Amino acid sequence: MLKQIEGSQAMAEAIALCRPEVVCAYPITPQTHIVEGLGALVKSGRLKTCEYINVESEFAALSVAIGASAAGARAYTATASQGLLFMAEAVYNASGLGLPIVMTLGNRAIGAPINIWNDHSDAMSMRDSGWIQLFAETNQEAVDLHIQAFRLAERLSLPVMVCVDGFILTHAVERVDIPDQETVDAFLPPYEPVQVLDPKEPVSLGAMVGPEAFTEVRYLEHHKQMRALEIIPELSAEFKGIFGRESGGLVRSYRTEDAETIVVAMGSVVGTIKDVVDERRAQGDRIGVVSICSFRPFPQEQLREALAGASRVVVLEKALAVGMGGILAGQVQMALGGHGPKVYTLIAGLGGRPILKTSLSAFLDKVVADPHLDVHFLDLKHDVVERELERAAHLRRSGPTAENVLKQLGTVMSSPV
């Protein structure tokens, strides 16, 4: 059914259609509306046989989900930013125990300084935690990925993180096709856990493992992720056959057939890049874009094939590895194996800064003109940076950087929502 609906509410309805048996809720911007929407569905009776548990922290939210999943329930939770960091220990435990929990991550910047707006630094902080990470380009895909995520998690007995750009998707109101219960049931069968805590057949879950077996346990976790590279496209194809639309998969290409320049990105910014590609194509520029949906596991082979023939690759990423540069760009370079096109790193959208088509197009002109560009920060205010560096060099007590920058810009400090 087509609805004009907020992204978070659309995701809540889709998650409810997956028949979760335990929903663990702790609000943190920008994912709050998702768990609020699920709470309303439980209260109204539309989501039946589901225990909705309000917990006291993000760490508790995932800890309760771990207990519920271990007991054999289909479990779900959501978080963002600092909340993900607070539950970090449990994040690693969930994947290490092989529990098929689904969690929505409303992507948001990590402080300090405090920032509630969107970038991908939270997801990147947990990229090696053992969770599958799927990035949604649109709210329609966010709906579809949640349905696929439960199926994927339960087939592999591995947790899945569905990453959706905070505010850009979670709070956007647009037309979304919400499937009916019968169609979702046809794609997602009832949950049959691989492992379960049962008093009649007692087992140890989360036992201490020493050097004699730890490597093997971790390898098997890695093996599941590698299997996901085959299963994710299968589920995407099956989803298309049942629901009639394409969503998910590993990578998707747009106008790359004869492209000399290919932009690689994840999430909602791909829509902006497609607009730039269309405009530059109209001017005769041979350019395309590759969108990565599955960041973990990382589709090296598929990405290498998608980039074949390009003269240059621009990786636009909404996160920064401080002291190194690009995170996604490093993965792309690894996939290319040091051969093929030059890879340029473009850091953009940090802390929710708008990614403008004019700025992106101007950078693409620079790439063509100067093949020696390295890491570039889109729309960086160089004058502000230079003044703060000069202040720090001349004043022993130069004060906190963030506050100094705000004073330069004439901005009043605001309290986080």
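**Notebook: loops, cysteines and a surface patch**

I began with Pro113, which sits in the loop between E5 and H6. Helices (H or I, at least four residues) and strands (E, at least two) are DSSP runs, numbered from the N terminus. I reminded myself that this is a predicted model, where local features need pLDDT of at least 70, side-chain atom pairs count only at pLDDT 80 or more, and totals for chains, interfaces and linings use all residues. Residues are numbered from 1 along each chain as its sequence is written, and side-chain values use heavy atoms, with hydrogens and water left out.

**Entry: cis peptide bonds**

I checked the bond from Ala112 to Pro113 and found it cis, with omega near -5°. I then stepped back to Gly111 and Ala112, which are also joined by a cis peptide bond, with omega about 10°. Ala112 lies in the loop between strand E5 (102-107) and helix H6 (121-125). My reminder: most residues other than glycine have a negative phi, and most peptide bonds are trans.

**Entry: positive phi**

Which way does the phi of Thr49 go, positive or negative? I found it positive, about 50°, although Thr49 is not a glycine. Thr49 belongs to the loop between helix H2 (32-44) and strand E3 (51-54). Its relative accessibility is 74%, so Thr49 counts as exposed. For these words, buried means under 20% relative accessible area, exposed over 50%, and partly exposed in between (1.4 Å probe, protein chains only).

I looked up Ser157 next: its phi is positive too, about 55°, and Ser157 is not a glycine. Ser157 is in the loop between helix H7 (139-156) and strand E7 (160-165). With a relative accessible area of 7%, Ser157 is buried.

**Entry: cysteines**

How many disulfides does the structure hold? I counted zero disulfides (a disulfide is a pair of cysteine sulfur atoms within 2.5 Å). For Cys18, the closest cysteine sulfur is in Cys50, 12 Å away, so that is too far for a bond. Cys18 is buried, at 1% relative accessible area. For Cys293, the closest cysteine sulfur is in Cys163, at 9.5 Å, also too far for a bond. Cys293 is buried as well, at 2% relative accessibility.

**Entry: a nonpolar patch**

On the surface I found a nonpolar patch of Leu197, Val203 and Leu205, with about 230 Å² of accessible area together. Patches are made of residues with over 30% relative accessible area and no salt bridge: like charges are joined within 9 Å, nonpolar side chains (Val, Leu, Ile, Met, Phe, Trp, Tyr) within 5 Å. A salt bridge is a side-chain nitrogen of Lys or Arg within 4 Å of a carboxyl oxygen of Asp or Glu. Accessible areas come from the Shrake-Rupley method with a 1.4 Å probe; for residues, only the protein chains shown count as cover. Leu197 is partly exposed, at 39%.
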